[in-house]
Amino acid sequence: MPYTPSQQLDTFLVEEIFQVLNEKQSKWFQYHFLNGLTYSQIAGLEDTTIAAVKNWAREAKKVLKPFLTSYWTDDEEL
C-alpha cells in the first residue's frame with residue numbers, strides 16, 4: 001500500500017528533496033510519493049524492471065533519511 005500523507009507536503013521541502021536526489025531517485029519520489037504509483041506501475045512507465053525501481057527507492061531512502069532527520073531536527077528548534 002503506498003504511503004498517503006495526511007497533509008500535502010510543504011512545497012519548499014519537496015523542492016529541497018529534489019535537489020538532493022539524483023534523476024532516478026527523483027522519478028521514484030515523484031511517481032511513488034507524489035502520484036501514488038506502485039513500483040510495478042513506475043517500472044512500466046520507465047521501461048525498466050521492478051528490481052531497478054526498488055533500487056532507486058533504496059538509494060533515495062539512504063539520501064533522504066539524514067536529510068529529513070536534519071530537516072525535522074532544525075524545525076523543532078524554532
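The protein chain has four helices and zero strands, where helices (H or I, at least four residues) and strands (E, at least two) are DSSP runs, numbered from the N terminus. Read along the sequence, that gives the pattern α-α-α-α. This is a predicted model, in which local features need pLDDT of at least 70 and side-chain atom pairs count only at pLDDT 80 or more, while totals for chains, interfaces and linings use all residues. Residues are numbered from 1 along each chain as its sequence is written, and side-chain values use heavy atoms, with hydrogens and water left out.

Let us start with the chain as a whole. Of its 78 residues, 26% are buried; here buried means under 20% relative accessible area, exposed means over 50%, and partly exposed is in between (1.4 Å probe, protein chains only). Take the contacts between residues at least 6 apart in sequence: 49% of them join residues at least 24 apart, with contact meaning heavy atoms within 4.5 Å.

Now to helix 1, which spans residues 11-20. Its buried residues are Leu 13, Val 14 and Ile 17. They cover an arc of only 100° around the axis, which puts them on the same side of helix 1; the arc is that of the directions from the helix axis to the C-beta atoms. On the face of helix 1 turned away from the buried side you will find the exposed residues Thr 11 and Gln 19.

Asn 22 counts as partly exposed, at 41% relative accessibility. Its C-alpha atom is separated by 9.5 Å from that of Glu 59, 37 residues apart along the chain.

Next comes helix 2, residues 23-34. Gln 25 lies in this helix and counts as buried at 7% relative accessibility. Leaving aside neighbours within four places in sequence, Gln 25 is in contact with Trp 56, Glu 59, Ala 60 and Val 63. Trp 28 is also found in helix 2, and this residue is buried, with a relative accessible area of 1%. With neighbours within four places again set aside, the contacts of Trp 28 include Tyr 39, Ile 42, Val 53, Trp 56 and Leu 64.

The aromatic side chains deserve a look of their own. Rings of Phe, Tyr and Trp (its six-membered ring) pair if their centres lie within 6.5 Å; planes under 30 degrees apart count as stacked, over 60 as edge-to-face and the rest as tilted. By this rule the count comes to three aromatic pairs. The rings of Phe 18 and Phe 29 have their centres 5.7 Å apart and their planes at 85°, so this pair is edge-to-face. The pair links distant parts of the chain, with Phe 18 in helix 1 and Phe 29 in helix 2, eleven residues apart. Phe 18 is partly exposed at a relative accessible area of 28%, whereas Phe 29 is buried at 5%. Together with Trp 28 and Phe 33, these two residues form one aromatic cluster.

Helix 3 covers residues 39-46, and its buried residues are Tyr 39, Ile 42 and Ala 43. Seen down the axis, they fall within an arc of 100°, so they line one face of the helix. The face turned away from that buried side carries the exposed residues Gly 44 and Leu 45.

How do helix 2 and helix 3 meet? Their axes come within 10 Å and cross at roughly 125°; axes are lines fitted to C-alpha atoms, for helices over the stretch in contact, and angles run from 0 to 180 degrees between N-to-C directions. That makes helix 2 oblique to helix 3, since angles under 35 degrees count as roughly parallel, over 145 as roughly antiparallel, 65 to 115 as roughly perpendicular and the rest as oblique. Residues Lys 27, Trp 28, Tyr 31 and His 32 in helix 2 meet Tyr 39, Ile 42, Leu 45 and Glu 46 in helix 3.

Finally, Asp 47 lies in the loop between helix 3 and helix 4 (50-76). Asp 47 is exposed, with a relative accessible area of 72%. Although not a glycine, Asp 47 has a positive phi of about 55°. For context, most residues other than glycine have a negative phi.
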